[in-house]
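Please take a moment to look over the sequence and the structure shown below. The paragraphs that follow lead through them step by step.

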Amino acid sequence: MYTHDAYSPLSLLQYSPLLMFLSDGESTDDDGDNEMCQIKKDFGFFGLQVKTLGFGSDATDRSIVAKLTKLAELAGGDFLQAIDGVQLKQCFEKAAASLAHRY
Amino acid sequence: MNHTRTLSFFLSHKDRIAVVVLISLFCDGDNQARDNRWSDLKMAVQSFLTVRSMVDAHDVVSIVTFNAHAIEECKMMPLAKCATELETMLGAPAGGTRFAPALEMARTLIDQGTKSPSQVKERIFECACKHTSTCTRTTLTLRSPCYSIRRC
């Protein structure tokens with residue numbers, strides 16, 4: 001089967017998206033909610049996975065945790081927290097390992 | 001003869017992930033603290049790439065660093081290449097933090113590896129059936145959650 005335009009049938013769905021959002025601080029504006037909702041709306045069908053990560057001691061602040069948790073929830077994803085580099089490494093490894101078992 | 005069948009492309013492409021990593025790290029504090037944070041981050045991302053490469057994944061990776069603005073560090077880069085170039089790739093943007101520009105850029109980058117259902121309504125494909133001489137076209141119609149192909 002050959003396509004008449006630039007996309008082959010399989011390339012339409014070639015990749016499942018994984019979005020990892022890491023911050024060690026809070027947004028100066030209370031923003032990002034609409035953009036995350038749009039991402040979920042556009043790519044949820046393609047198996048979108050979202051993980052938000054708070055990194056560092058500052059990221060234990062309640063408002064930062066709440067914001068990153070909310071962003072994750074808007075996209076049906078998870079919030080992860082890493083106080084130091086060791087925990088951050090574990091978070092990324094866990095995220096990578098989970099991809100192999102999602103089907 | 002007309003008939004419809006349902007295909008699941010996801011199952012045959014489970015090893016392909018378009019990874020978009022958005023990173024914001026404050027650059028306050030002394031140089032040592034800042035360097036340590038970026039070093040920790042690079043090690044963490046490198047570990048992610050290593051784990052994925054061990055399962056022979058064919059991922060592509062995009063990385064965006066952001067402060068008040070989003071900066072595209074790499075775009076749809078193959079996994080192995082990203083692992084090689086990661087060390088020199090990441091910069092340390094300073095000043096402010098805004099989530100919206102980074103997420104907007106992420107949406108654009110994800111769109112490079114998939115196509116939004118809102119953008120792809122219907123595409124026409126040549127039919128690969130046995131009746132090529134009499135067959136005109138096959139229509140692939142995108143309807144969440146399944147795809148259907150109408151053949152001749």
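Which residue in β3(B) is the bridge partner of Leu22(B)? The model, which is predicted rather than determined by experiment, gives Val64(B) as that partner. This bridge belongs to the pairing of β2(B) with β3(B), which run in the parallel sense and are joined over 6 bridges. On β2(B) there is a further pairing, again in the parallel sense, with β1(A) over 8 bridges, and within it Leu18(A) has Val19(B) as its bridge partner.

Strand β2 of chain B, residues 17-24, has 8 of its 8 residues buried, so this strand is largely enclosed by the rest of the structure. Ile17(B), Val19(B), Val21(B) and Ile23(B) point one way from β2(B), while Ala18(B), Val20(B), Leu22(B) and Ser24(B) point the other way, and all of them are buried. If residues up to four places away in sequence are not counted, Leu22(B) touches Met20(A), Phe21(A) and Leu22(A) from chain A, and Val64(B), Phe66(B), Ala102(B) and Ala106(B) from chain B.

Ala68(B) counts as partly exposed because it has 17 C-beta neighbours inside 10 Å. Although Ala68(B) and Thr97(B) are 29 residues apart in sequence, their C-alpha atoms are 4.8 Å apart in space.

Turning to chain A, the reader can find 3 helices and 3 strands, arranged along the sequence in the pattern β-α-β-α-β-α. Of its 103 residues, 42% count as buried, and among contacts between residues at least 6 apart in sequence, 72% join residues at least 24 apart. In helix α1 of chain A, residues 33-43, the buried residues are Glu35(A), Met36(A), Ile39(A), Asp42(A) and Phe43(A). They cover an arc of only 130° around the axis, which puts them on the same side of α1(A). An α-helix has 3.6 residues a turn, so residues three or four places apart point the same way.

Confidence should be kept in mind while reading chain A, whose mean pLDDT is 81, with 82% of its residues reaching 70 or more. Over residues 1-12 of chain A, pLDDT stays under 50. Where pLDDT is low, the predicted coordinates should not be read in detail.

Terms used:
Residues are numbered from 1 along each chain as its sequence is written. Chains are lettered from A and ligands numbered from 1 in the order in which they are written. This is a predicted model: local features need pLDDT of at least 70, side-chain atom pairs count only at pLDDT 80 or more; totals for chains, interfaces and linings use all residues. Helices (H or I, at least four residues) and strands (E, at least two) are DSSP runs, numbered from the N terminus. A residue is buried if 20 or more other C-beta atoms lie within 10 Å of its own, exposed if 12 or fewer, and partly exposed in between; C-beta atoms are placed from the backbone. Two residues are in contact if their C-beta atoms, placed from the backbone, lie within 7 Å. The arc is that of the directions from the helix axis to the C-beta atoms. pLDDT is the predictor's confidence in each residue, from 0 to 100. Two strands pair if DSSP finds at least two bridges between them.
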